[in-house]
Amino acid sequence: MKKTFKIKNLDCAHCALKIEEGIKAIPNVETASVSLLAEKITIVADEASFPEILAQAGKIVKKIEPECEVNFK
């Protein structure tokens, strides 16, 4: 399943790449991409795993860029 989420206050391409790599490393994530210009995070993963994936992704975003806001709902 593919889901896209809006990310706010991300202004660093390097941070976007680090977030993308961190989310890709979460178990059961097939792929992930972060678009700085579109202000979006897209995650492709098993539907049953999404709640845990989103919890971990939220922690990754806050660790790398504490100012960012993502609504993973």
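Residues are numbered from 1 along each chain as its sequence is written, and side-chain values use heavy atoms, with hydrogens and water left out. Because the model is predicted, local features need pLDDT of at least 70 and side-chain atom pairs count only at pLDDT 80 or more, while totals for chains, interfaces and linings use all residues.

Strands here are DSSP runs of E with at least two residues, helices are runs of H or I with at least four, and both are numbered from the N terminus. Two strands pair if DSSP finds at least two bridges between them. In general, strands of a sheet pair through backbone hydrogen bonds, either parallel or antiparallel.

Now go through the pairs. Strand 2 and strand 3 run antiparallel and are joined by six bridges; V34, for instance, has I41 of strand 3 as its bridge partner. These two strands form a hairpin with four residues between them, and E39 in the turn has a positive phi of about 55°. Strand 3 also pairs with strand 1, again antiparallel, over five bridges, and here K6 is partnered by K40 of strand 3.

Strand 3 is mostly covered, with five of its six residues buried (under 20% relative accessible area; exposed is over 50%, partly exposed in between, using a 1.4 Å probe and protein chains only). T42 is found in this strand, and it counts as buried because its relative accessibility is 16%. Its side chain makes a polar contact with the side chain of T4 at 3.3 Å. For that label, a pair of N or O atoms must lie within 3.5 Å; within protein, one must be able to donate a hydrogen and the other to accept it, and residues adjacent in sequence count only if both atoms are side-chain atoms.

That leaves helix 2. Its buried residues are F50, I53, L54, A57, I60 and V61. Seen down the helix axis, they fall within an arc of 120° (taken from the directions from the axis to the C-beta atoms), so they line one face of helix 2. An α-helix has 3.6 residues a turn, so residues three or four places apart point the same way. The face turned away from the buried side carries the exposed residues P51, K59 and K63. The buried residues pack against strand 1, helix 1, strand 2, strand 3 and strand 4, where contact means heavy atoms within 4.5 Å.
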